[in-house]
Amino acid sequence: MMSVEFDNNDHFNDECGVFGVFDHAEAANLTYLGLYAQQHRGQESAGIVCTDGHSFHTHRGMGLVADIFQKSEIKELSGRHGIGHVRYSTSGDSGLRNCQPFSFEYAHGGIAMCHNGNIVNAHELRRELESKGSIFQSTSDTEVLIHLVARSKAKSMKERLAEAVNRLAGGFSLLVLGEKRLVGMRDRNGIRPLVLGQLDGSWVLASETCAFDLIGAKYVRDVEPGEMVIIDENGLESLHPLENCEPKFCVFEYVYFARPDSTLEGVNVYQSRYQIGVELAKESPADADLVIPVPDSGVPPAMGFAEASGIPFQMGLIRNHYVGRTFIEPKQSIRNFGVKLKLNPNRSLIKGKRVVLVDDSIVRGTTSRKIVEMVRAAGAAEIHMRISSPPTKHSCFYGVDTPDAAELMANKMDLEEMRKAIGADSLAFVSFDGMYKAVGKPRDVHCDACFSGNYPVAIDGPRSPQLSLLKILNKKQ
Ligand code: SF4
């Protein structure tokens with residue numbers, strides 16, 4: 001018997017999730033619950049920092065939120081303000097030293113930070129900072145921001161932060177906790193989500209609205225692209241310290257990442273997935289007896305496909321929800337073992353049937369091939385694969401861990417070659433038009449670079465916008 005890493009590589013890996021609360025008696029508990037609700041956004045590590053206005057209290061660990069935080073740890077996190085983070089490493093290694101939030105002391109007091117996303121010019125900034133004497137403790141992008149803030153000569157925290165984020169390029173949502181304020185900020189394109197809510201008169205921030213639902217907070221609005229919200233004892237102040245802001249929200253949040261019960265940018269994730277299935281059925285119908293989802297994110301589009309096509313929906317693949325990252329494989333190798341750990345076909349439903357299999361994406365194609373093989377072995381007469389996103393041809397550089405473009409099946413093959421490679425009788429992807437019709441918002445306010453190759457932020461260098469921060473801050477105040 002041997003223990004091996006679970007084969008999770010044929011899918012997009014989740015990114016990160018953040019949560020913050022200002023001025024609440026149960027700041028640590030609420031942050032814990034906010035992270036718990038967003039566990040799907042990252043399972044490698046989690047951390048919480050709270051402050052009582054003087055000292056910062058931190059607990060971070062590797063693994064799942066419920067395992068890292070017990071009652072005793074939560075009790076130690078005293079204070080009425082807190083931020084927390086769940087992480088899937090998209091840059092930097094996945095060790096404890098890269099767990100967020102980071103907290104540190106500098107000339108102006110204590111500060112803690114965490115972010116969701118990716119700073120594409122972090123390496124260049126890091127080299128520049130190191131050449132000026134900065135010493136880094138981690139390989140995380142967040143630490144670059146910390147050094148930029150610490151080196152700033154600006155007088156107020158908001159000016160220091162504004163100056164620092166103006167050096168950054170990429171897709172990120174950021175939470176910063178000072179001794180007396182909480183700051184939330186999105187990149188100038190709002191690529192990664194950040195939502196604002198209220199609970200018992202206190203402000204809360206989260207990556208997704210599902211965090212608000214668990215704690216009973218009221219959703220107020222999404223933080224705008226390039227907006228900085230500063231929450232302190234005087235309430236909430238909104239600043240727009242970045243120029244050239246243009247919405248380019250990640251469309252793949254709707255297709256795969258976000259929880260279906262979340263609403264992002266005014267769009268309910270479940271509804272958008274369901275409607276993509278409706279569009280798929282109209283664009284690429286199939287003569288079949290059953291519509292079967294590849295769980296979990298294939299479920300809503302499969303339901304939409306079934307509804308629009310009149311073909312019955314059935315759970316023909318059953319998912320084991322308790323699969324860890326490693327498993328013990330028997331010496332005698334079992335065919336498609338890794339996929340079988342996660343999914344098992346319901347033979348009595350499938351045998352002799354023509355099935356439509358609905359999945360959210362094809363990345364390298366190995367998992368799709370194994371699933372098709374498994375469904376075929378369960379007796380399916382025909383298999384028609386339908387994908388609820390356009391072909392994934394390019395890597396993501398804004399916080400989603402995708403393989404190199406050269407490893408992506410759609411980057412190397414045309415549709416017919418892909419169909420043959422995965423062994424399906426037919427294969428179709430939703431079109432860009434179909435996807436955006438389902439989302440109900442125009443294409444030009446979204447990033448779809450992993451499908452189209454149209455990157456909204458240059459990935460080969462900093463944007464270095466030249467602007468007078470103080471002028472902008474003064475204008476907005
Ligand atoms: Fe989202 Fe794809 Fe853009 Fe990355 S490249 S932000 S996954 S749409």
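## Helix 4 against helix 5

At what angle do helix 4 and helix 5 pack, and how far apart are their axes? The angle is about 45°, and the axes lie 10 Å apart. Axes here are lines fitted to C-alpha atoms, for helices over the stretch in contact, with angles running from 0 to 180 degrees between N-to-C directions. Helix 4 is therefore oblique to helix 5 (under 35 degrees counts as roughly parallel, over 145 as roughly antiparallel, 65 to 115 as roughly perpendicular, the rest as oblique). The crossing is left-handed (the near helix is turned anticlockwise from the far one by less than a right angle).

Helix 4 spans residues 122–131. Its Ala122, Leu125, Arg126 and Leu129 meet Asp141, Val144, His147, Leu148 and Arg151 of helix 5; contact means heavy atoms within 4.5 Å. By class, this contact has five nonpolar, one polar and three charged residues. Ala, Val, Leu, Ile, Met, Phe, Trp, Tyr, Cys and Pro count as nonpolar, Asp, Glu, Lys and Arg as charged, and the others, Gly among them, as polar.

## Model and conventions

The model is predicted: local features need pLDDT of at least 70, side-chain atom pairs count only at pLDDT 80 or more, and totals for chains, interfaces and linings use all residues. Residues are numbered from 1 along each chain as its sequence is written, and side-chain values use heavy atoms, with hydrogens and water left out.

Helices (H or I, at least four residues) and strands (E, at least two) are DSSP runs, numbered from the N terminus.

## Second largest pocket

Helix 5 (141–151) also lines a pocket. A pocket is an open set of points on a 1 Å grid over the protein atoms alone, with protein on both sides within 12 Å along at least five of seven lines; lining residues have an atom within 4 Å of a point. The second largest pocket has a volume of about 220 Å³. Volume is the space filled by probe spheres set on the points, which are joined across faces, edges and corners.

Helix 5 gives the most to this lining, with four residues. Strand 4 (56–62) and strand 6 (102–106) each supply at least two. The lining includes Arg60, Phe102, Glu143 and His147. It divides into six nonpolar, four polar and two charged residues.

## Cavities

The whole structure holds two cavities of 30 Å³ or more (a cavity is a set of grid points where a 1.4 Å probe fits but cannot get out). The largest cavity has a volume of about 90 Å³. Of its 15 lining residues, Cys250, Phe252, Cys396, Cys447 and Cys450 are the closest to the centre.

Helix 17 supplies the largest share of that lining, three residues. Helix 8 (252–257) gives at least two. The classes are 12 nonpolar, one polar and two charged.
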